[in-house]
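Hello,

Here is the structure I promised to hand over. Please have a look at it first, and then read on for my notes.

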Amino acid sequence: MKRPSVTSSAIPLITAMIAVAAVLLPIFLADTPWPVGARDYLQENGFGDSGAINLVSAIYLGYRAFDTLGETIVLLVAVGGTIGILTRSGAILAEGYTNPDTVAGIDSSEEEIPSFSLAREKRKSHALRTHLLEVVTAILGPIVLLFGFYVMLYGHLSPGGGFQGGVVVASGIVFLGLGNRMESSTKLTQAAVLGRIEAAAFLLLILASISGILLGKGFFGNPLSRFTAVPEGFIIMLNAIIGLKVGAGIGFMCIAILGRER
Amino acid sequence: MIERILILLLFLVGFSGILARKNIIKKIFGLTLINSAAVLLFVVEGSRVGSQAPIMEQGISQVVDPIPQALMLTAIVIGVCVTALALALAFRLYQAAGSFDIDEIRRRVHDES
Amino acid sequence: MSLEDMVFLPVVLPLLGAALALCAKVFLTGRASRILEYTGVFIGLGLPWLFFVYITPMMYAGQAVSGVIGAWHTGVGIMYRFDGLAYLVNILGFSVAAAAWVYALGAGPKGPSFSSVFLIQTASLAAAIMTADLFNLFVCLEVLGIASYVLIASSDKPGAALASFSYLMVSATAMVFFLLGLYGLYRLTGVLSYEGIASALNQLPDAGGPVALVSLSLIVAAVAMRVAVMPLYGWLPDAHALAPHAISAVLSGVLIKTPLFALSRVLMLMPAGASAGQLMGYAGAVTALAAVVIALSQKDAKRLLAYHSISQIGYIVSAWGAAIQVGTTTGAGVVLMAAAFMHAFYHALFKGLLFLSIGTTVDRAGERNVYVLRGAGRILRAHGERFPVTLICFLIGALSISAIPPLNGYASKAAISYALKGTPHYYLLFAASIGTVASFIKLSRIFWPTPKGSAAVLDDVPAAIPWPIHLSQIFLGLLCVIGGLAAPALFAFVLRLISAGGADVAISLKFYSSGTMIKTLIITASGVLLFLGAITPKGSALLKRVRERRRDFEGLFVSFALGTAALAGWLLL
């Protein structure tokens, strides 16, 4: 019964694969020398124009900052949409693993508790977690956060930047969320707080992008150039805002998926 | 040359996953694969013109082309966002249809509506 | 504030509004939250109109604003160009978006999250049409895409989640192909702005050879997928049929057209653009006819409208493709492009109106099957509609799309057939018009009065129809009528903007002449005959076959792959 349907539907699939391979082959095989015009320009003038030693940062937040704004917006919508879809599903994910019975593969009977688990009364909301995980993440969390801020703020000098730093910050938040036992010691793992940071950072980012217009420097122009001759100030500012936004956004999404709070 | 062929193969593997796999999670993996293939191609080829990372400290010359790296940074983040949204939708579909099989989902959903 | 800054207002203001709406969600509750949200929406959808009014004289004089964002070096920064075409497409987008948002106020979805995503979508439309940088176009299309996936999935039906998922998968795949095309072009030229790429390609021997052609075909195919030209249309019917009504109106009215006009900027400059435009034009004409046949076979009211969107976009693409083929610097090209825009604009208005009025009706009736639902006018009356606003709005929309004078659809279709006269497209579009009339007679039957029985008032919808629903419907309805009556003046205005104020384009088009009237009569009469043929047993059996043709998820990708290959082959040979 099944076999004929497989073979009859395989022909269009194979044709499509061959078509794709044939179309892409010229692009993949192209071996014209890579154009160096833009590279040479940046090597000469990138630092002078933007003040960033890291040329990738110079492009990312200087020459092509408008792309970065678009990318940030994609992230914003994706985080909001993902959380919206998950919570509206009324799922176990949104409510948290409050009921051990609902966790697949873990039997709630006393004997089969994994060996590293917490005592049962502490385990209510963390059926799948172990001492090891909780202790290690709780200790690592603040360190990871600190490192995240370092990556964020030094993005113009070294590999890194707002997005990368933000993602590290987000993983720090996830660590805090994992290590955080029932008694909460930080507000950073509360979804409401993260949502606020994200929204405020987004507003700041939009304001930063138009502040150049108000100060006569044009859209995405450097508003700080009026006050200081150091051009990298704007990149540092954008890095910090984007880092906060990304960290809060991705952290928010992870915390929501972890089911800590709604 | 050989890298580009390998990347093309990676791309085709991903595309065949989207095309021929019935499981929607595997389809999403396929999407991630082709996205990575495009990113890899851009970055690998862009690094041919120089030999050093584009961080202009003292004495650095002949850096690689930084533009592909900056562009691909954007493309990677967008890819991750799309993947996250796709996985959320897959979860929603699983709840509605009780299956990850695309044919099964289509059948159940169309029966309902 | 200089003009160079002002042209970014249609992008920045909606974004600012979105940020405010988002802040309203997380910082405030209750009344204060609503006030901030509405302020944000007013900033995003209302204030740009001040700019549009202000800049109209300059656009009319043929001025175009272009430059590099942030005044960076040309080779690395992002180029933009705000000209007549961008202005027109912005007007199209913001008018339908405003109506749709007001409608959503009455019919849902509402709330600050919805408003912020909606505003982001509007901003990305404005950004996509004014960018002159290929990678920035990629980013704009991705923002546009992700906002629309989320908006489609905001409907509670599981079908909407599947539609959103299918759209997401096929369009994300297409965007990877776009990226590969971008790689090919960057490798050849080393720049990303449209003009830079075009001039660098022209200097290369053989204009870049097969790599340039294949790269261009990947980019065109990825955008054509968004526009839903056949054979790349498969994602659209589900998405547009299952999204919330207000979103359907924006998706059909605005979202499928903006990428098309954004693409025209690329194609007008590229060496191989004319030939790609030619193929797109043929595909468009075929789409117009094929989609209307499928539309005629549908039983779900909104799905029928969705197939009509594909058919109408076929009209637009066929005129657009012909315009690209002859080049928009020539008189004929300007007329074709103006006709394409006129139809895009008018289609946005009447299709928005149709989606909204049909949405209101099917919500109240609790039934979407056009074979089952009858007496919809009575049902609406039972919901407190003393004066049949929704019915009249539906009729305006239906008569517009069927090209009955003096409504706007008539005017823009007259413009298209004037511009395309003597080409093969003309006959395909003529046949498609007949099908359009027939299928709208079929759809109108839901308002057929039933002899007896009182319509039940459904419990789960509010008894009275909220005022925002009526307001938005009346707004679009009025625009449809005015657009029809003022068509000659508007067409002259659009011609002037598209020719950048310079070239005087001589046209001998008379919108309301006896010849066009007779043609309308022929089309309408044939439409009635076709409808009568379609409800005979033989006809309905045939349509059932069309309706139940095999459609599967893989088909979306197979058709995308084959369509891309066909385009590449066409350009290479």
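Predicted model: local features only at pLDDT ≥ 70, side-chain atom pairs only at ≥ 80, totals over all residues.

**Chain A and chain B**

Let me start with the contact between these two chains. On one side there are 43 residues of chain A, and they are in contact with 44 residues of chain B. About 3800 Å² is buried between chain A and chain B, and carbon and sulfur atoms give 79% of that area. Three residues stand out on the chain A side: A:Phe28, A:Trp34 and A:Arg39 supply 21% of the area that chain A buries against chain B, more than any other three residues.

What kinds of residue make up the side of chain A that touches chain B? They divide into 31 nonpolar, seven polar and five charged. The elements of chain A that give two or more residues to this side are helix H1 (2-29), helix H2 (37-50), helix H3 (55-63), helix H4 (65-88) and helix H7 (162-179).

**Chain C and chain A**

Next comes the contact of chain C with chain A. Here 59 residues come from chain C and 53 residues from chain A. The two chains bury about 4800 Å² between them, with 80% of it on carbon and sulfur atoms. Within chain C, the residues that lose the most area to chain A are C:Trp72, C:Val76 and C:Arg187, together 15% of what that side buries.

Eight residue pairs are in polar contact between chain C and chain A (both at pLDDT 80 or more). Several helices of chain C give two or more residues to the side that touches chain A, among them helix H5 (112-130), helix H6 (134-153) and helix H7 (158-189). Which helix gives the most to that side of chain C? H2(C) does, with 11 residues. By class, this side of chain C has 41 nonpolar, 11 polar and seven charged residues.

How many salt bridges does the rule find across the interface of chain C and chain A? It finds one salt bridge. The partners are A:Arg64 and C:Asp133, whose closest N and O atoms are 2.6 Å apart. C:Asp133 lies in the loop between H5 and H6 of chain C and A:Arg64 in the loop between H3 and H4 of chain A, so the pair joins two chains. C:Asp133 is buried, at a relative accessible area of 1%, and A:Arg64 is buried too, at 3%.

**A buried aspartate in chain A**

Is A:Asp67 buried or exposed? Its relative accessibility is 1%, so A:Asp67 counts as buried. Leaving out residues up to four places away in sequence, A:Asp67 touches B:Thr74, C:Ile78, C:Phe135, C:Asn136 and C:Val139.

**Other salt bridges**

Over all chains, the structure holds 17 salt bridges. One of them pairs C:Glu554 with B:Lys22, with the closest N and O atoms 3.5 Å apart. This pair crosses between chains, from helix H24 of chain C to the loop between H1 and helix H2 (24-46) of chain B. C:Glu554 is buried, with a relative accessible area of 5%, whereas B:Lys22 is partly exposed, at 32%.

Another salt bridge is formed by the side chains of C:Asp238 and C:Arg303 (2.5 Å, N to O). C:Asp238 sits in helix H10 (residues 236-242) and C:Arg303 in helix H14 (residues 301-326) of chain C, so the pair ties together parts that are 65 residues apart in sequence. C:Asp238 is buried at 10% relative accessible area, and C:Arg303 is buried at 12%. There is also a network in which salt bridges that share partners join B:Glu3, B:Arg4, B:Glu45, B:Arg48 and C:Arg187.

**Helix H1 of chain B**

The 19 residues of helix H1 (residues 2-20) of chain B should span 27 Å at 1.5 Å a residue, and the end C-alpha atoms are 26 Å apart, which agrees. The buried residues of H1(B) include B:Arg4, B:Phe11 and B:Leu19.

Methods:
Residues numbered from 1 in each chain as written. Chains lettered and ligands numbered in written order. Heavy atoms only, no water. Contact = heavy atoms within 4.5 Å. Buried area = accessible area lost by both parts, 1.4 Å probe. Helix = DSSP H or I, 4+ residues; strand = E, 2+ residues; numbered from the N terminus. Nonpolar A, V, L, I, M, F, W, Y, C, P; charged D, E, K, R; others polar. Expected span 1.5 Å × (residues − 1). Buried < 20%, exposed > 50% of the residue type's maximum accessible area, 1.4 Å probe, protein only. Salt bridge = Lys/Arg side-chain N within 4 Å of Asp/Glu carboxyl O. Polar contact = N/O pair within 3.5 Å; in protein donor to acceptor, adjacent residues only side chain to side chain.
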